[in-house]
Amino acid sequence: MDEATCSRLLEEHGIKPTANRILVAKALVSSMQPQSLAELERRIISIDKSNIFRALILFRDHHLVHAIEGSSDGTKYELCHSHDHEHDDDQHPHFYCESCQQTYCLNDAELPDIQLPQGFEAHSANLMIKGLCPHCKK
């Protein structure tokens with residue numbers, strides 16, 4: 001994804017496109033799997049950890065990234081394909097391989113429908129399945 005497309009993506013989610021934010025968005029777009037803060041820090045050597053983290057939090061708050069918890073190296077982030085900066089319409093489960101420690105998106109799987117007790121209001125859901133990926137299972 002080029003810089004202009006990243007800028008438009010940020011603007012569509014109500015985020016002012018700055019040079020740092022564009023770099024973080026490009027790193028997320030180009031990655032094949034969700035990335036941790038440490039992984040992004042290694043990929044984006046021109047930005048310090050605190051600026052990457054601030055961009056990720058802003059992206060999360062505007063539904064541009066999912067924050068995925070439950071992996072060995074903390075929270076991982078992936079680009080969200082939500083069409084709205086007000087709410088997330090791209091929720092899906094994830095798989096964490098206990099051997100290679102990679103996190104995979106299960107885009108074609110749906111989250112189970114959970115009926116909450118009266119008075120509860122859901123804002124997001126996160127389902128992490130753990131086990132062995134096909135490569136490590138061999």
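**Entry 1: α2 against α4**

I began with helix α2 (residues 19–30) and helix α4, which pack at an angle of about 75° with their axes 10 Å apart. That angle makes α2 roughly perpendicular to α4. For my own record, axes are lines fitted to C-alpha atoms, for helices over the stretch in contact, and angles run from 0 to 180 degrees between N-to-C directions. Angles under 35 degrees count as roughly parallel, over 145 as roughly antiparallel, 65 to 115 as roughly perpendicular and the rest as oblique.

Which residues meet here? From α2 I listed N20, R21, V24, A25 and L28, and from α4 N51, I52, A55, L56, L58 and F59. By class, this contact of α2 with α4 has 8 nonpolar, 2 polar and 1 charged residues. Contact means heavy atoms within 4.5 Å. For the classes, Ala, Val, Leu, Ile, Met, Phe, Trp, Tyr, Cys and Pro count as nonpolar, Asp, Glu, Lys and Arg as charged, and the others, Gly among them, as polar.

I am looking at a predicted model, in which local features need pLDDT of at least 70, side-chain atom pairs count only at pLDDT 80 or more, and totals for chains, interfaces and linings use all residues. Residues are numbered from 1 along each chain as its sequence is written, and side-chain values use heavy atoms, with hydrogens and water left out.

The mean pLDDT (the predictor's confidence in each residue, from 0 to 100) of the protein chain is 85, and 90% of its residues reach 70 or more. A reminder to myself: where pLDDT is low, the predicted coordinates should not be read in detail.

**Entry 2: the overall layout**

I counted up the secondary structure and got 5 helices and 6 strands. Along the sequence the pattern is α-α-β-α-α-β-β-β-β-β-α. Helices (H or I, at least four residues) and strands (E, at least two) are DSSP runs, numbered from the N terminus.

Of the 138 residues in the chain, 35% are buried. Buried means under 20% relative accessible area, exposed over 50%, and partly exposed in between (1.4 Å probe, protein chains only). I also checked contacts between residues at least 6 apart in sequence: 50% of them join residues at least 24 apart.

**Entry 3: α1 against α2**

E3, C6, S7 and L10 of α1 touch R21, I22, A25 and K26 of α2. By class I have 4 nonpolar, 1 polar and 3 charged residues in this contact.

**Entry 4: the core**

Which residues touch the most other members of the largest nonpolar core? Of its 21 residues, they are L10, V24, L28, I52, L56, F59 and L64. A nonpolar core is a set of buried Ala, Val, Leu, Ile, Met, Phe, Trp, Tyr and Cys residues joined through side-chain atoms within 4.5 Å. At least two core residues come from each of α1 (3–12), α2, α3 (37–43), α4 and β3 (74–79). Helix α2 gives the most, with 5 residues.

I then picked two of these residues. V24 sits in helix α2 and counts as buried, at 1% relative accessibility. Setting aside neighbours within four places in sequence, V24 is in contact with I44, I47, I52, A55, L56 and F59.

**Entry 5: loop residues**

H63 is in the loop between α4 and β2. Is H63 buried or exposed? At 19% relative accessibility, H63 counts as buried. H63 has a positive phi of about 60° although it is not a glycine. Most residues other than glycine have a negative phi. H63 and C80 are 17 residues apart in sequence and 6.7 Å apart in space, C-alpha to C-alpha.

Q101 also has a positive phi, about 65°, and is not a glycine. Q101 lies in the loop between β4 (94–97) and β5 (103–105) and counts as partly exposed at 40% relative accessibility.

Q33 lies in the loop between α2 and β1 (35–36). Beyond neighbours within four places in sequence, Q33 is in contact with Q102, T103 and Y104.
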